[in-house]
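Please keep the structure in view while reading.

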Amino acid sequence: MSLEIDKNFLLKSTLYNFLGTALKVVAPILTIVLARIFGKEEFGIFVGTQLWIFTLSRVSVFGLDKGLNWFLPQNILNNRPAHLGFNESLSRSLIISSIIFVAMFICAVLGLHKYSESLATLSSAELSIYALSIIPFSALHIFGGTVEGLRKPQYRMFITECAVFALAPLLSIVFNFTDIPYALPTGLLIANIFGCFIYIPLIKKSFPFSLKFFSNKIPRELLVYSVPRGFSEVVVSVSMRIDVWMILLMLGPGEAGVYAVMTTISNGLRTIRQSYHPILLPVIAGMSKDRLSTDLKPIFSYCVNMVSLIQLVIGFFIVLFPDKILMIAGKDFIVQPETLGILLLAHLLGGFFLLSASVLNGIGKSLYTLKMDIASLCVSFLVNYFLIPILGLPGAALSTLAYIILQAVWNNIYIFKLHLRLYSKKIIPYAIWSIFLLVVYILLPSFSLSFLQKIIFYIVILSGLAFTQVLIKNSK
């Protein structure tokens, strides 16, 4: 591989990201509509349970999806069979996810979930449907990591992040209006299964597809890399969702539903950064030590700029039209709006500094990232525990900001000690734009701008961002 090939791959992936971002807008809008239809209490329980199921699916794959993203490019470098690790990882994940489903099904039948106040309203059948979603969820993780390792991240963007995430709330809405019982978990289950059926023929074009449940061990190198990543992914999943769960426990499902809508909106920024992790990681994994010293900085800074550009386009829209977005869910969801501002700040910082995690995982430092994520979880739990009872929803948002700052500082100090340089001066213009976004967020309530004036202001901002990108591209 060469710098030119890597740049072409990143450019193509960026174009897919732009298109994927436009399509991803559908899923959050449908999720907000879901909140309006089902009410904040039922929606809060749905979000809390769905996030719990997603976290358990992370347990079942145990980092093998992230491992495949790193391991498959290594197959090419080391002249191994291109598909080595895929079938073995898929088989083991399906076995583990099936065991988790059976355990949850038994608990549901016995009614053990009734001892949890937040799950007590769910029937045994409803919880069982949620639990069954773990199996296709796990397969989606493996399929996604595989196509990313093959340098085809657009498959995961369009199938998992767009099609599946948009289809789940859409099906739930349709089921609700056609009086099909258990609309929320059933929509989630069918959407996940649908995504798996789309992936299978696409992966068959690259790999022989064979489920060997009790033969062919997972390659040791893949397992050694994946196990820390697996722990790390579970910890990260909990860190990202602990605020919703603690609000659910401390403040009730209604407040959890309100907070879930705000995180759905602000996550438009976070998903941009997250979508670049699997794009950047295989590029780093394919670099020799010599290339890391020469090619890492331009590659990394390019990704940071693209993430920041897309985040700013979305961020300014959210800041200018928050009332229009929240009104989709209904007046009941316009509570403590400062929460949204804190979440936007957190994800803007993450866009600049947390792509460093891809560098660390790309050079094989998966054990380090595990330690960092455990520390971040502890910080997030403590901030939530002490601030939610005092500040309410802003307290939960501050927990997100706290662990992002911790990760940003910790990652970049460690990378500096490794004598790697990531940032070029080309990221400065977007750093200034991000500060301007925060200033607009703070000062905008002082001005009574009409809807038309806001639209004109937004067009001016988009023009400014486009001009900035041209200047950066033409600078040396």
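Does R58 count as buried or exposed, given its relative accessibility? R58 counts as buried, at 4% relative accessibility, where buried means under 20% relative accessible area, exposed means over 50%, and partly exposed lies in between (1.4 Å probe, protein chains only). This is a predicted model, in which local features need pLDDT of at least 70 and side-chain atom pairs count only at pLDDT 80 or more, while totals for chains, interfaces and linings use all residues. Residues are numbered from 1 along each chain as its sequence is written, and side-chain values use heavy atoms, with hydrogens and water left out.

**The chain as a whole**

- The chain holds 18 helices and 0 strands, these being DSSP runs numbered from the N terminus (helices H or I of at least four residues, strands E of at least two).
- Of the 476 residues in the chain, 56% are buried.
- The accessible surface of the chain comes to about 20300 Å², and carbon and sulfur atoms account for 71% of that area; the areas come from the Shrake-Rupley method with a 1.4 Å probe, and for residues only the protein chains shown count as cover.
- When contacts between residues at least 6 apart in sequence are taken, 85% of them join residues at least 24 apart, a contact being heavy atoms within 4.5 Å.

**Salt bridges**

- The structure holds 2 salt bridges, each defined as a side-chain nitrogen of Lys or Arg within 4 Å of a carboxyl oxygen of Asp or Glu.
- One of them joins the side chains of R58 and D65, at 2.6 Å from N to O; D65 is buried, with a relative accessible area of 4%.
- In the salt bridge of R156 with E148, the closest N and O atoms are 3.3 Å apart; R156 counts as buried at 17% relative accessibility, and E148 is buried with a relative accessible area of 4%.

**Core and buried contacts**

- The largest nonpolar core has 131 residues, and those that touch the most other members are F43, M104, F143, Y259, L312, F316 and Y430; such a core is a set of buried Ala, Val, Leu, Ile, Met, Phe, Trp, Tyr and Cys residues joined through side-chain atoms within 4.5 Å.
- With residues up to four places away in sequence not counted, F43 touches T31, L34, A35, G257, A260 and V261.
- W70, which lies in helix 3 (residues 64-77), is buried with a relative accessible area of 9%.
- Residues up to four places away in sequence again left out, W70 touches E221, Y225, L281, A285, N361 and G362, and its C-alpha atom is 8.5 Å from that of G364, although W70 and G364 are 294 residues apart in sequence.
- S97 has its place in helix 4 and counts as buried, at 0% relative accessibility; leaving aside neighbours within four places in sequence, S97 is in contact with S60, I134, I135 and S138.

**Helix 13**

- Helix 13 (residues 338-353) has 16 residues and should span 22 Å at 1.5 Å a residue, and the distance of 23 Å between its end C-alpha atoms agrees with this; the expected span is 1.5 Å times one less than the number of residues.
- Helix 13 is mostly covered, with 12 of its 16 residues buried, among them T339, L340, H347 and F352.

**Nonpolar surface patch**

- V102, F105, I106, V109, L110, L112 and Y115 make a nonpolar surface patch of about 740 Å²; patches are made of residues with over 30% relative accessible area and no salt bridge, with like charges joined within 9 Å and nonpolar side chains (Val, Leu, Ile, Met, Phe, Trp, Tyr) within 5 Å.
- Within this patch, L112 is placed in the loop between helix 4 (86-110) and helix 5 (124-132), and L112 counts as partly exposed at 41% relative accessibility.

**Positive phi in loops**

- Y182, in the loop between helix 7 (153-177) and helix 8 (183-204), has a phi near 55°, a positive value in a residue other than glycine, and Y182 counts as partly exposed at 35% relative accessibility.
- H419 lies in the loop between helix 16 (393-417) and helix 17 (428-443); its phi is near 65°, also a positive value in a residue other than glycine, and H419 counts as exposed at 65% relative accessibility.
- As background, most residues other than glycine have a negative phi.
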